[in-house]
Amino acid sequence: MRNYSFKNNKAVDTTLRYFAFLLLGLALLLIAPPATHAQSLADIASINVDELTDDQIRELVRRAGEAGITEMELVQMARLRGLPAREAEKLQKRIEELELTGATFKTGVSASKREPRKQVDFSQITQGIIKLQSDFEGIENEKSNIFGADLFYNKSRRLSFEPNMNIATPRNYILGPGDMVYVDIYGQSEQYYEANINPDGFLILDNIGPISVSGKTVEEATGIIKNRLSAYYPGIGGSSPSTFIQVTLGNIRTIQVHLVGELRLPGTFTLSAFSTVFNALYAAGGPNENGTMRNIKIIRNGKNITSVDIYDFLVNGKANLELQLQDQDVVLVEPFLARAGISGEVKRPKIFEVKEGDNFGDLLRYAGGFTDEAFKERINVTRITGKERAVSDIYADQFGFFLVKGGDEYFVGKVLNRYTNRVQIKGAVFREGNYSLTEGLTLGQLIKNAEGLRGDAYLERASILRSFEDLSTEILTVNLRDVLNGSVSDIPLKREDVVRISSIYDLQEEVYVQINGEVKNPGTYPFSKNMTVEELIIMSGGLREAANVKEVEIARRSSETASGTFSDLIQVSVEGGLTANNSSTFLEPYDMVLVRRKSNFSLDRLVKVEGQVNSPGIFSIYSAGERISNLIQRAGGLTDFAYANGATLIRRTEFYETESEQVRRQRNLMDLQQKLMLDPNNTEAQELLLDRLFKDLGSSPQDSSEVYSAATTKREVITGITETKADLAPIKIRQTEAVAIDLDAILRNPGSDLDLILEEGDIISIPRQLQTVRLRGDVVYPATVRFEKDKSMKYYIDRAGGFDIRANRKRSYIVYANGQVSRTKSFMGIRSYPSVLPGSEVIVPTKGPRVPVRPSEFVGIATGLATLVLVITQINP
């Protein structure tokens with residue numbers, strides 16, 4: 001028993017492995033594109049069927065079969081989506097050669113899993129094989145002026161009238177060959193059948209036989225099938241049946257509809273059996289420019305069963321979707337009946353097709369009605385009368401019975417841009433604008449209607465612009481003060497009068513004062529009477545820390561310009577607290593207040609000492625005369641390992657981008673703000689300080705790059721020189737440079753010329769005791785060697801292998817650890833090399849590459865020498 005179980009499990013395991021490999025293979029086939037594709041994804045309009053592989057053709061037919069469409073329908077759908085007719089014929093021939101015709105039609109009973117009704121999507125059939133055009137891609141998408149012409153034929157159309165396949169089975173649906181029918185038996189007996197109606201119209205059920213249902217409605221077919229099955233299921237019949245039957249549709253058949261007449265793409269089309277006339281018109285591109293949209297005929301079995309008016313759908317939204325097409329129906333689109341155009345102030349200014357009996361009211365309804373600015377009392381129409389045109393007028397009471405004829409052109413005018421009872425008031429009143437001219441309206445009453453005059457109204461003069469019937473104008477000038485106090489009679493107004501009341505400020509320049517210098521917000525401020533210097537400083541945000549309140553200057557425009565004086569200068573002083581006092585100086589319009597800076601004022605100036613000192617770090621310069629020796633003393637002096645000869649001073653150049661005082665102050669305030677925000681237990685005073693900081697930091701500080709300084713000018717000069725000199729290498733502008741100092745001598749003689757005065761940003765770097773010498777340049781083997789006391793520079797060069805072939809010996813130099821440079825000297829051929837100290841760097845420059853003499857240059861030199869010898873011999877025979 002155990003052996004049997006083991007063998008059985010092994011067999012099951014092997015089977016599962018084969019099944020897993022099979023699933024993996026199928027997944028790869030579905031995901032990966034076939035390797036035998038002869039071309040990449042191509043557009044359907046430019047496809048060459050000859051370049052499609054047999055595998056691609058078979059895949060197309062297979063997908064079409066799964067969607068329930070035949071090979072012939074597949075070719076026809078390809079033509080509708082842009083495949084040229086010649087290529088469509090090739091595709092049909094290829095399908096026939098591969099013997100794929102009829103491979104997708106189901107004729108028997110199917111016991112497969114029941115699926116919902118499928119919507120045929122041609123893009124899914126061709127996915128990965130052919131690239132479809134968008135609907136009517138490549139056509140000229142010109143807007144037609146004929147109403148409804150672009151309903152079916154539009155490059156960006158989205159209205160397809162696609163029938164809904166997932167509706168309940170219509171009981172009046174007429175069955176035909178190709179329909180899939182589901183027969184469900186339930187109750188005492190249970191069974192289900194699934195079969196297609198064959199071309200002969202029979203539904204063949206397993207063990208039941210053929211049942212003729214073609215041409216019957218679903219309801220009628222249900223009765224026929226029920227009677228046939230009652231012989232096999234007795235519980236179906238009788239007055240109290242115990243077994244029941246239900247007949248539904250699966251995938252429905254397709255039908256062929258013929259579209260003829262004035263269409264863009266006339267022909268025979270394969271459509272769903274649920275399709276209506278709108279689906280058919282969509283497939284054919286709709287009526288062309290000459291086709292009717294008001295009388296599209298449906299012909300069935302040689303008889304005109306109905307007519308479709310597309311305007312009923314466009315205007316009223318009635319699509320008549322209940323009328324379904326049947327196989328071999330003919331949709332006939334005749335030439336249009338008559339057309340009339342309407343333009344002007346209507347919502348759809350287009351050309352409309354009209355039927356006999358249509359009146360102007362109907363045409364206006366087609367056009368969407370009047371716009372808001374339409375003149376509705378009279379419509380102008382131009383009509384063709386025999387051999388010429390005539391113009392007529394239609395009045396509002398005639399719209400319902402004035403009949404429209406073909407060729408009519410209607411024009412709806414616009415209301416006039418004029419007013420029957422308007423007066424205007426502008427200027428220094430509270431409510432400017434248009435007002436109604438009532439009977440007896442006067443100037444004073446109009447001012448009251450405008451809610452009165454503003455305080456700045458100029459009362460000595462007002463003007464009224466009056467228009468006459470001939471459109472000429474005149475200006476009436478009045479003294480507004482006299483009119484308002486009753487000294488003169490009020491002035492009656494007339495239609496289209498324009499009253500203009502000036503402001504006293506319209507008659508003079510705006511006055512202002514300015515403040516610059518050490519205030520928080522320098523600039524221009526409005527002038528007010530009795531304004532003092534202190535008030536202007538408060539308006540500008542207050543004084544800065546560097547402000548000199550004892551020397552404030554007012555520059556006032558001089559009234560004696562003839563003598564060459566531009567400004568009168570007034571020196572004033574203000575209290576630091578900006579308190580009000582009787583001695584304050586009052587400002588006048590256009591005054592310029594200048595708040596000067598305290599002499600020698602500066603924010604903290606910082607320097608840094610790093611390296612071998614007892615207390616390295618950042619230090620503040622305490623006086624303008626502090627020197628290097630003072631700073632080393634404040635840093636605790638040198639350590640035992642300090643190498644004083646290697647000390648270097650790093651100093652900012654004039655090109656250093658220094659932060660302005662305002663930027664530094666702003667940065668400090670931001671740091672204070674961050675610290676207060678991180679503390680959750682601030683006091684009331686700290687919270688108020690935080691609010692002030694938020695207010696003060698709201699405006700960005702002035703960028704130091706905007707300040708045009710002497711350093712900027714110098715930078716531009718240097719850049720200009722390098723740009724104009726083609727043979728001059730670009731000069732590198734540095735923000736900091738190393739300054740060579742003799743720290744040992746400085747500490748021995750404090751205050752000497754060697755002891756430099758400190759500047760802001762200075763960095764003094766003192767290294768540890770150095771014990772090596774570096775050799776660079778044109779030596780045999782550049783290296784770093786150990787320092788040996790009392791050895792010459794030539795000794796160290798020899799330790800690097802000596803000079804190379806192209807070494808420029810007389811220009812050799814040495815760079816000491818503190819940045820000082822000393823070069824080789826030569827006198828009468830005897831070279832004197834500089835001494836070497838620990839940390840030095842010996843640099844041997846090269847002579848550059850040797851340029852060989854060309855043959856042409858050699859010939860030139862030889863010719864010149866020969867000529868010179870000849871001249872000399874003739875001078876001295």
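Trainee: What should I know about the ground rules?

Mentor: Residues count from 1 along each chain as its sequence is written. The model is predicted, so local features need pLDDT of at least 70 and side-chain atom pairs count only at pLDDT 80 or more, while totals for chains, interfaces and linings use all residues; side-chain values use heavy atoms, with hydrogens and water left out.

Trainee: How many residues does the largest nonpolar core have?

Mentor: General idea first: in soluble globular proteins, nonpolar side chains tend to be buried together. A nonpolar core is a set of buried Ala, Val, Leu, Ile, Met, Phe, Trp, Tyr and Cys residues joined through side-chain atoms within 4.5 Å; buried means under 20% relative accessible area, exposed over 50%, partly exposed in between (1.4 Å probe, protein chains only). Here the largest one has 73 residues, and Leu229, Leu281, Ile342, Leu363 and Tyr410 have the most contacts inside it. Its largest share, 6 residues, comes from helix H7 (residues 277-283). Helices (H or I, at least four residues) and strands (E, at least two) are DSSP runs, numbered from the N terminus.

Trainee: Which residues is Leu363 in contact with?

Mentor: Contact means heavy atoms within 4.5 Å. Setting aside neighbours within four places in sequence, Leu363 touches Ala340, Ile342, Phe352, Val354, Val404 and Tyr410. There's also a second, separate core of 20 residues, including Ile425 and Val499.

Trainee: Is Asn301 buried or exposed?

Mentor: Exposed, at 75% relative accessible area. Asn301 sits in the loop between strands E10 (296-300) and E11 (303-308), and its phi is near 55°, positive though the residue isn't glycine.
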